[in-house]
Amino acid sequence: MRRKLVAGNWKMNGSRAALAELDAIAAAAAAAPGIDVAVAVPFTLITAAAERTPALAIGAEDVHEADSGAHTGCVSAAMVKEAGAGFTIVGHSERRADQHETSHDAWAKAAAAHRQGLNVILCCGETEAERDADRAERVVQAQIEKSVPDNADGSWFTLAYEPRWAIGTGRTPTLEEIASIHAIARSKLKTLIGDRAAGVRILYGGSVTGANAATILATDNVDGALVGGASLTAAKFVPIIEAAASL
Ligand code: PEP
């Protein structure tokens, strides 16, 4: 009932020349009609990416919570939509750490994106200190409670569980740990949005590669992956798409 979604996040990487990678990614996506594939790119590349690979879902990595206004240097949901984005990531842990964004900010950004008709991937996840203190479950539950909009449903809203300590480190939680947090996240969604929770995809993110994708994606309640480093080249991203498609 929930199609797998493999989403890339280029972060502050890429250039017009790097968009050539999207050709093989789009071809792999076309060869995998049973799953969804998306790539979030820097604001400056959205239009060129969307024009180069119109069949591939291209998104933004963030949007401002306001529709417009005096916010120098920021970009609104309406702007990224006009540029060609179909979705945006919000609440990524790098923005929480670098820009001090909160779960409330993620909520406001998700709501702003939805107002403009964008799909949303909202990130949550504990730090290493929080996991070591046995607080991972409570932290993720609190983040979900504060950031998931009341009207969230699977037609536009996706949650991504990304333990911060697993992002870009080559380290991943055990499959049991992933299954446990995803089950808790699903149950928290149910208390917040009721039966609509069953339709919301929950992605795992954090050092997903072609080597570990198949087992992670086969884990209960894992409906796809949010992929950073391994989404930058087709050589690394396509095997993850193929792993998802093979399940
Ligand atoms: C991310 O940026 O969302 C991410 C999961 O990064 P990586 O795959 O590089 O750990």
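A disulfide is counted here when two cysteine sulfur atoms lie within 2.5 Å of each other. By that rule, the count is zero disulfides. This is a predicted model: local features need pLDDT of at least 70, side-chain atom pairs count only at pLDDT 80 or more, and totals for chains, interfaces and linings use all residues. Residues are numbered from 1 along each chain as its sequence is written, and side-chain values use heavy atoms, leaving out hydrogens and water.

**Cysteines**
- C74 is in no disulfide; the nearest cysteine sulfur belongs to C123, 18 Å away.
- C74 is partly exposed, at 40% relative accessible area.
- C124 is in no disulfide either; its nearest cysteine sulfur, that of C123, is 7.7 Å away.
- C124 is buried, at 4%.
- Buried means under 20% relative accessible area, exposed over 50%, and partly exposed in between (1.4 Å probe, protein chains only).

**The barrel**
- Eight strands close into a barrel in the order β1-β2-β3-β4-β5-β6-β7-β8, with parallel pairing.
- From one strand to the next, the twist averages 25 degrees.
- Strands (E, at least two residues) and helices (H or I, at least four) are DSSP runs, numbered from the N terminus.
- Two strands pair if DSSP finds at least two bridges between them.
- β5 (residues 119–124) and β6 (residues 157–161) pair in parallel over five bridges.
- I121 has T158 in β6 as its bridge partner.

**A helix on the sheet**
- Helix α8 (residues 175–193) packs on the sheet, touching β6 and β7 (201–205).
- Contact means heavy atoms within 4.5 Å.
- The direction of α8 makes about 150 degrees with that of β7.
- Axes are lines fitted to C-alpha atoms, for helices over the stretch in contact; angles run from 0 to 180 degrees between N-to-C directions.
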